[in-house]
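Welcome! Open your viewer, get ready to select residues by number, and follow along stop by stop.

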Amino acid sequence: MHWRLHLFLLWVGVCDGLSSPASTSTTASGKSLLRMNSASRHTLYDLPVSNNGARCRLILYKKGITTSEVDIVSPAELGGLKSEEYQQVNPQGKMPALVIHNNGVDPSSSFGIAESDTISRYLMSTYATTGPSFQPDLARSNLMARFHDIYLTTIQGCLYKPTPPFGVYQTRQDALLEFQSQLQVLEDLVVDDGQYLCGSDISYADAAIFPTLVFAAFMMPKFDGAAEGFQTTLPPKLNQYLEHVRTYDSAFGKVYNEIMDVLEGSWEQERKRWDGIWLAGQRDTDPDTIFDKIVAKEISAGIVRETDDILAFTDINPAAPAHILVIPKNRNGLSRLQKATPEHVEILGKLMVVAGEIARDESLGFGPDGARIVVNDGPAAGQEVPHLHIHVIGGRAMAWPPG
Ligand code: AMP
């Protein structure tokens with residue numbers, strides 16, 4: 001399909017209802033798109049907290065592009081991200097979006113584009129000779145930006161979303177470890193000489209990756225101890241790069257301050273945004289139990305099943321001929337079932353599957369007629385060990401109701 005047709009299709013909703021460049025434009029819903037008559041050549045709908053938009057802002061700042069060329073306004077001006085007006089420009093309802101006005105000369109040739117990569121490439125092309133080029137054809141830079149967009153951005157939710165999934169990952173631990181290894185992939189691509197990612201000249205990779213580094217450097221320490229091997233700091237070259245450019249390059253410093261103002265201010269202090277997030281704001285403060293010692297093999301137990309995250313062993317004080325306990329190796333907050341959150345869905349499912357496997361294992365003393373599979377939750381139910389465990393009890397008939 002020809003590119004003009006693409007752009008036309010993207011734009012067609014926004015143009016709908018435009019009568020003349022001087023009039024107040026309206027959409028199908030009758031709401032006005034006052035910005036359509038903006039004095040500036042473009043309107044970038046974005047907010048300082050938007051990580052994606054930050055790459056576009058960095059390009060604008062670095063190139064010294066003024067607001068008469070690209071005015072940056074909040075999506076609220078079009079009624080917010082979920083509004084019909086905004087979604088005519090970006091049907092995904094996400095920041096950023098760029099509306100390209102035609103200085104009121106020929107509104108039918110105007111159009112809107114979305115997605116930070118698309119907008120950035122448009123800006124690099126439209127303002128190719130204004131300020132640094134950002135080397136849009138540099139292979140290393142494009143590779144880094146693409147790796148970032150495909151493998152880092154898609155799981156970045158593990159740093160701020162309260163519940164899984166984080167991309168394809170069901171647990172925050174797995175996503176954090178993958179986030180870290182993808183940072184390492186970028187680290188290995190950083191050129192050693194020069195202050196920017198690909199050497200002494202700024203490239204598109206800087207615009208794409210710098211905002212994520214700001215966010216990651218701020219959030220990663222909050223997940224200290226979240227997973228074995230998880231580092232709370234950026235890899236050294238990326239960390240040094242972040243510190244250097246934010247200090248010595250004013251465009252980077254500006255974007256850094258925009259992001260940090262929101263993170264430290266309204267997100268952290270006003271909204272207490274991390275409080276509800278497992279590991280960032282909530283932690284398991286209960287003391288270790290004897291089950292941790294069994295998991296660490298510091299005391300022996302009759303282990304009957306072991307996977308990466310589950311251990312099953314015979315109960316030391318069996319209530320029936322067959323009595324096995326199934327536990328998560330890492331308690332991860334599950335001192336009792338009432339502590340379960342959506343973050344625990346995957347491990348809870350795995351525990352149930354193992355409990356079912358054990359209940360049909362006749363070599364462990366279970367009979368074909370079934371077993372009692374129970375969780376004692378709290379003292380009233382007789383829970384003694386504050387580390388979630390499923391009792392699988394069998395080898396004899398059970399009474400109901402239980403005592
Ligand atoms: P609950 O009463 O539901 O907390 O169950 C705790 C279970 O752990 C009890 O049935 C105990 O017999 C069992 N238990 C405690 N210590 C050990 C141990 N060292 N090895 C195996 N089972 C144990």
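The lining of the largest cavity is made up of one nonpolar residue, six polar ones and one charged one. In this sorting, Ala, Val, Leu, Ile, Met, Phe, Trp, Tyr, Cys and Pro count as nonpolar, Asp, Glu, Lys and Arg as charged, and the others, Gly among them, as polar. To see the lining, select N51, N52, R55, H148, T153, Q156, A208 and T212.

Before going on, a word about what is on your screen. This is a predicted model, in which local features need pLDDT of at least 70 and side-chain atom pairs count only at pLDDT 80 or more, while totals for chains, interfaces and linings use all residues. Residues are numbered from 1 along each chain as its sequence is written, and side-chain values use heavy atoms, with hydrogens and water left out.

What is a cavity here? On a 1 Å grid over the protein atoms alone, a cavity is a set of points where a 1.4 Å probe fits but cannot get out, and lining residues have an atom within 4 Å of a point. Rolling a probe the size of a water molecule over the atoms shows where empty space is left. Grid points are joined across faces, edges and corners, and a volume is the space filled by probe spheres set on the points. The count comes to one cavity of 30 Å³ or more, and the largest cavity has a volume of about 30 Å³.

Now color helix 2 (51-63) and helix 7 (204-219): each supplies at least two residues of this lining. Helices (H or I, at least four residues) and strands (E, at least two) are DSSP runs, numbered from the N terminus. Which helix gives the largest share of the lining? Helix 2 does, with three residues.

## Two helices side by side

Next, select helix 5 (residues 139-152) and helix 6 (residues 172-189), which pack at an angle of about 180 degrees with their axes 10 Å apart. Axes are lines fitted to C-alpha atoms, for helices over the stretch in contact, and angles run from 0 to 180 degrees between N-to-C directions. Helix 5 and helix 6 are therefore roughly antiparallel to each other, a label for angles over 145 degrees.

Show the side chains where they meet: R140, L143, M144, F147, H148, Y151 and L152 of helix 5, and F179, Q182, L183, V185, L186 and L189 of helix 6. Contact means heavy atoms within 4.5 Å. The residues of this contact include 10 nonpolar, two polar and one charged.

Look for an open sheet of four strands with the order 2-1-3-4 and mixed pairing. Two strands pair if DSSP finds at least two bridges between them. At the edges are strand 2 (70-73) and strand 4 (111-114), each pairing on one side only. Neighbouring strands of this sheet are turned by 20 degrees against each other on average, direction ignored.

Strand 3 and strand 4 run antiparallel and are joined by four bridges; select I100 to find its bridge partner in strand 4, F111. Helix 2 packs on this sheet, where it touches strand 1 (42-45) and strand 2. Helix 4 lies across strand 1, strand 2, strand 3 and strand 4, at about 125 degrees to strand 4.

Move on to an open sheet of five strands, ordered 5-6-7-9-8 with antiparallel pairing. Its edge strands are strand 5 (303-306) and strand 8 (372-374). A hairpin joins strand 5 to strand 6 through three residues, and R305 has A312 as its bridge partner in strand 6. Helix 11 (residues 345-359) lies across strands including strand 7 (322-328), to which it runs at about 160 degrees.

Most residues other than glycine have a negative phi, and most peptide bonds are trans. Select M95 and P96: the peptide bond between them is cis, with omega near -5 degrees. Another cis peptide bond joins P164 and P165, with omega about 5 degrees, and P165 sits in the loop between helix 5 and helix 6. Where is F134, and what is its phi? F134 lies in the loop between helix 4 (116-126) and helix 5, and its phi is positive, about 65 degrees, although it is not a glycine.

Key. Angles under 35 degrees count as roughly parallel, over 145 as roughly antiparallel, 65 to 115 as roughly perpendicular and the rest as oblique. On a 1 Å grid over the protein atoms alone, a cavity is a set of points where a 1.4 Å probe fits but cannot get out, and a pocket is an open set with protein on both sides within 12 Å along at least five of seven lines; lining residues have an atom within 4 Å of a point.
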